[in-house]
Amino acid sequence: MNCRSLFVHFSPACKIEVPERLTVSHGALVRNGLTDRCICLPVREAVDAEILLVHSEEYLEAVKQTPHMTLEDLKEFTLQYGDVYFHPNIYHCAKLAVGSALQLVDSVLMGKVKNGMALVRPPGHHSMRSAANGFCVFNNVAIAAQYAKQKYGVKRILIVDWDIHHGQGVQYCFEDDPSVLYFSWHRYEHQKFWPNLKDSDYDIVGKGEGAGFNINVPWNKVGMENSDYLSVFCHLLLPIAYEFCPDLVLVCAGFDSAIGDPEGEMCATPDIFAHLTYLLMNLAEGKLCAVLEGGYNLTSLAQSVCQTVQTLLGDPLPPLTNLTGPCRSTLESLQCVRAAHRQHWSCLRHAGTISTKRIKLSGEGNKDEAEVGEEQKSPEEKIWPEPPKRICPPVCSAVVLPDGVVCPDIIILFQIRNGLALVGDAAMTMTCVVQYVAAEVDSRYELIKNFPFPSQGCTDTSGFAQAMFSLLLPLGYQYNPSLVLLVRMPGSGVCDIMWQQLTGLLQSFAHGHTLVLLQEDDKACVGPTASILLGNPAPPLGQLPASLKEDAEAVERLRSRLQADWNLLLTTGESTK
Ligand code: X5A
Ligand code: ZN
């Protein structure tokens with residue numbers, strides 16, 4: 001009896017964690033011409049010593065027996081764990097899944113590739129030291145993190161788990177370890193959703209030395225949208241991640257958090273993953289390894305994988321439309337997590353009206369009692385448009401030096417992605433560009449300009465970072481500009497590294513159409529700016545100290561003043577207009 005016929009008779013078998021998840025994802029990458037632009041790494045099996053970085057000897061020995069078990073024995077073996085299925089071939093596949101993640105970490109840390117994604121199964125983030133769980137056998141990402149620490153001496157690792165389930169296996173592995181910051185958002189519904197653990201709630205922040213290095217964001221409603229995901233990135237993950245300053249970013253890249261997924265039942269569209277990916281790419285000098293976890297709607301999964309990989313390859317991002325702001329339940333969760341972590345992260349210290357007491361959470365029901373008719377449809381039947389082909393101008397950057405005429409129509413016509421000009425009078429040129437663009441190119445132009453940074457001549461890196469994440473990013477997303485005009489006024493006081501991070505983050509908007517104006521005497525800034533415009537990651541800011549109280553409070557005041565008009569700026573559920 002060959003494996004295939006064996007499998008047919010093997011029950012229970014998993015209905016959704018199926019081989020097609022990989023063939024369909026890979027097929028979509030091929031069709032979009034993305035595999036041609038990737039370096040395909042050879043896979044290998046992980047060796048025992050690597051698996052033992054996270055798992056117990058007894059557990060490994062037990063799993064080792066599974067290929068030789070009778071079907072009866074396999075069934076029984078399976079039953080001791082939660083929601084996992086052992087096929088005679090799964091031990092082999094699980095070793096390849098771990099090995100692939102390690103091959104990727106090796107290639108990124110040895111500088112052979114900038115970043116990458118491992119398309120593997122079985123997934124890993126639910127498996128624990130001595131237990132398989134939730135379709136997972138070995139914890140691919142947890143092992144990859146331990147391996148990076150051990151083999152390369154990596155000091156700080158950020159794990160972002162955007163799968164819609166809580167990776168409790170990863171949490172348990174690192175809960176007392178301050179060198180690994182684990183962030184997970186997950187469908188929770190006040191503990192009614194699998195795996196139904198108290199350990200998944202926002203008040204589980206890590207233990208001992210690791211206190212503050214475990215971040216849980218519970219989704220207490222289904223139907224979360226792009227705005228909900230973005231607001232958690234802007235107001236929670238990014239400020240903390242930058243303060244942490246990782247040397248390596250690992251992503252538990254599950255796509256069951258996308259629309260159409262039968263497990264997640266969320267409504268975020270596949271293009272959100274382009275943005276989630278990009279927002280992490282200026283950390284750790286771009287060293288990012290994504291490892292596939294869940295994702296069970298084959299259409300949504302394949303689109304999401306393509307969005308992620310295309311972003312890793314450096315293509316401009318698809319602008320997000322319809323950002324209507326986070327729902328009330330998200331704001332409640334956000335407020336709770338921020339309060340729980342306030343004592344651990346200085347970026348949250350001055351966050352206005354954060355109360356530390358457990359706030360009252362609203363009851364069950366549909367998301368903000370909207371879309372009543374929608375709920376009748378099963379999540380797989382949800383319809384969403386296929387993400388359009390992403391615009392990718394043939395020329396990345398145009399540079400005008402030193403005093404030439406700025407010609408923004410090239411950018412608008414999409415022949416060039418971005419541009420940089422060194423001009424005699426940056427302020428005057430800005431005015432001209434605005435008039436030119438407004439009058440002749442696009443009647444519906446939008447610009448981000450005169451951004452009100454905390455205090456004149458802000459030298460406080462932390463205050464500036466706070467302004468970027470909690471003001472500029474949400475405003476930019478909701479404004480959805482078709483051109484970003486970035487002007488560096490003389491005496492702005494922004495250091496080069498901060499400027500590079502700012503330039504990098506602004507690439508999220510307007511298909512990356514950024515026009516940078518530098519003052520003529522600012523020649524030293526041309527190189528660092530051009531580097532970012534050409535797609536290189538910005539250098540790390542370093543572990544951020546606490547920001548100056550006045551700056552932090554100024555940012556916070558501005559944020560709360562503007563939040564009535566721009567609801568992506570909201571951080572609490574209390575002060576809604
Ligand atoms: C990796 C992953 C889901 C398990 C669901 C069990 N596992 N009900 O997405
Ligand atoms: Zn999942």
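In helix H18, the buried residues are Asp551, Ala552, Ala554, Val555, Glu556 and Arg559. A residue is called buried if 20 or more other C-beta atoms lie within 10 Å of its own, exposed if 12 or fewer do, and partly exposed in between, with C-beta atoms placed from the backbone. Helices (H or I, at least four residues) and strands (E, at least two) are DSSP runs, numbered from the N terminus. The model is a predicted one, in which local features need pLDDT of at least 70 and side-chain atom pairs count only at pLDDT 80 or more, while totals for chains, interfaces and linings use all residues. Residues are numbered from 1 along each chain as its sequence is written, and chains are lettered from A and ligands numbered from 1 in the order in which they are written.

H18 covers residues 549-562, and its 14 residues should span 20 Å at 1.5 Å a residue; the end C-alpha atoms are 20 Å apart, so the two agree. The expected span is 1.5 Å times one less than the number of residues. The buried residues of H18 pack against helix H15 (461-479).

The protein as a whole has 18 helices and ten strands, and 52% of its 577 residues count as buried. Two residues are in contact if their C-beta atoms, placed from the backbone, lie within 7 Å. Of the contacts with a separation of 6 or more, 79% join residues 24 or more positions apart.

An unreviewed UniProt entry annotates residues 17-311 as "domain: Histone deacetylase". UniProt positions are given in the numbering used here, feature names are shortened, and annotations may be inferred rather than shown by experiment. Over residues 17-311 the chain is 39% helix and 12% strand, with 25 Å between the end C-alpha atoms.

Strand S1 (residues 115-118) has Asn115 and Met117 pointing one way and Gly116 and Ala118 the other, and all are buried. S1 pairs with strand S6 (residues 288-292) in the parallel sense over four bridges; strands pair if DSSP finds at least two bridges between them. Asn115 has Leu288 as its bridge partner in S6. In the loop between S1 and helix H7 (140-152) lies Pro122, and the peptide bond from Arg121 to Pro122 is cis, with omega near 5°.

His186 sits in strand S3 (residues 180-187). His186 counts as buried because it has 25 C-beta neighbours inside 10 Å. Leaving aside residues up to four places away in sequence, His186 touches Ile164, His165, His166, Ser200, Pro218 and Trp219. Asp163 is 23 residues from His186 along the chain, yet their C-alpha atoms are separated by 7.0 Å. The loop between S3 and strand S4 (214-219) contains Pro195, and here the peptide bond from Trp194 to Pro195 is cis, with omega near 0°.

Glu265 and Asn322 both call for a look at the backbone. Phi of Glu265 is near 55°, a positive value in a residue other than glycine; Asn322, also not a glycine, has a positive phi of about 55°. Glu265 lies in the loop between strand S5 (248-253) and helix H10 (272-280), and Asn322 in the loop between helices H11 (298-312) and H12 (328-341). Glu265 is buried, because 22 C-beta neighbours lie inside 10 Å. Asn322 is exposed, because 9 other C-beta atoms lie within 10 Å.

Ligand 1 is surrounded by 14 residues, of which the closest are Asp83, Pro123, Gly134, Phe135 and Gly294. A residue is near a molecule or strand if its C-beta atom, placed from the backbone, lies within 6 Å of it. The shell around ligand 1 divides into four nonpolar, five polar and five charged residues. Ala, Val, Leu, Ile, Met, Phe, Trp, Tyr, Cys and Pro count as nonpolar, Asp, Glu, Lys and Arg as charged, and the others, Gly among them, as polar.
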